Amino acid sequence: MRERAVQRHDRLLSLVRQRGSARVTELADQLGVSPVTVRRDVEALTGKGLLDRVHGAVSWPRQRDRAADGRAPAAEGPVLGLLAPSATYYFADVIRGAHEAAARAGARLVLRISDYRPEEDPARAEGLLSAGAEGLLVAPGWRGPGDPAEYGGWVAELPVPVVLLERSVPPDSPLAGLDQVCSDHGHGVLLALRHLIAQGHAAPLLVARADSPTALAVREGYDAALRALGVPRPRPVIGSVPADLDPAGFERAVRELRAAVASGEATAALVHNDVDAIQMVQRLAELGVRVPRDLALVAYDDEVAALADTPLTAVAPPKREVGRQAAGLLVHRLREPADPVGAPSPRRHVTLLPTLRVRASCGAGAGGVGAGGSGAGGSGPDSSASGPASAGPASAAPEGGSMGGPGVSADPGRGPGTDSA
């Protein structure tokens, strides 16, 4: 497969950063390309200020003590690197939040995307460091439960401050001592199940993928929520898959859910994620099962749930606020003064609570219930009075009231749209 220019640039920057300086012919040999290609790459990178030309060679930029006019240079904010598995769907809002917080702090945010290829994460992180990042926000492109152990060790060895983003790890992981900011998906599942049971349903079924950290957290949170509510588990989780990638597997999941409804075993379900939930509602209708008449349904993610024919009640993780909090924490790490006695600054694990946005798919009214209370219109302290302002991820509202307590909010309108965490 032909190497893309951005990948070659990352390798070139890494070589120069390691050596301090290098000649074009040496770089061409190391990269396996022609000197003409390297000169063109060097031209582009020096134009961006990422390399310096020095006597027929290139060097890593050194910080000047003085500006060209002899005055001390103006103070510049830090450069933050963000490694994300995707720039769409779930992570679009996380990235926006991080960008907003960086801009407010006078910092610059540089982005790299791994496309859920965890084996490529270290190279992407190296590219961010080569581009000048002084600290990193890292959301590894993990998919399966074994990925953190197999593909996570490099994160703990990074030479700059790191905040693990929307990824939680077990206490015995080498990453457990890093700063972390993430959503409490277990609490989000609890909100959904509590709401459905309060509507008079027996234990809701869970229909979920198993192809991302969020999906795995939802599955784990389901069992924990049932225990907390004192409700026996009705049956094993119905495994779902993307309809476009595995039509037969998706159809099996729909048929299994339909059979549970037809037998009277289930009258409510939580579905991860929004896209699967919308497609399942459509297919169930073709099979004679109507939402909410025959099945009350809650989606998980709240990216496009409000755009369904029957707007879907959905759990909304505080994605944008996760990005804001993570970027703010990283800026704090970069600017905090050194401890006079050399003691390390305590690391932080910040967990933000999702919000439940009530719409038509549960057959519930427009009223909302706040934390531990009752009332109309989302009376809880972290409830959102309305849903996202308009279609399109750029206009999404701040994730259910910033830090999102266990509130329930009414949102009969339309929300943002775009694919899974």
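I looked up how helix α2 (residues 24–31) packs on α3 and found that the axes come within 9 Å and cross at roughly 110°, the axes being lines fitted to C-alpha atoms over the stretch in contact, with angles from 0 to 180 degrees between N-to-C directions. The two helices are therefore roughly perpendicular, a term that covers 65 to 115 degrees. The contact (heavy atoms within 4.5 Å) is made by Val24, Leu27, Ala28 and Leu31 of α2 and by Pro35, Val38 and Arg39 of α3.

I noted that the model is predicted, with local features needing pLDDT of at least 70 and side-chain atom pairs counting only at pLDDT 80 or more, whereas totals for chains, interfaces and linings use all residues. Residues are numbered from 1 along each chain as its sequence is written, and side-chain values use heavy atoms, with hydrogens and water left out.

I then turned to α3 (residues 35–47), a DSSP run of H or I with at least four residues. Within α3 I found Thr37, Val38, Asp41, Val42, Leu45 and Thr46 buried, meaning under 20% relative accessible area, where exposed means over 50%. They cover an arc of only 160° around the axis, which puts them on the same side of α3. The face turned away from that buried side carries the exposed Val36, Arg40 and Gly47.

Last, I looked up serine 130, which lies in helix α5 (residues 121–130) and is buried, with a relative accessible area of 1%. Leaving aside neighbours within four places in sequence, I found serine 130 in contact with Asp10, Leu13, Ser14, Arg17 and Trp60.

How values were computed. Buried < 20%, exposed > 50% of the residue type's maximum accessible area, 1.4 Å probe, protein only. Arc of directions from axis to C-beta. Parallel < 35°, antiparallel > 145°, perpendicular 65-115°, else oblique.
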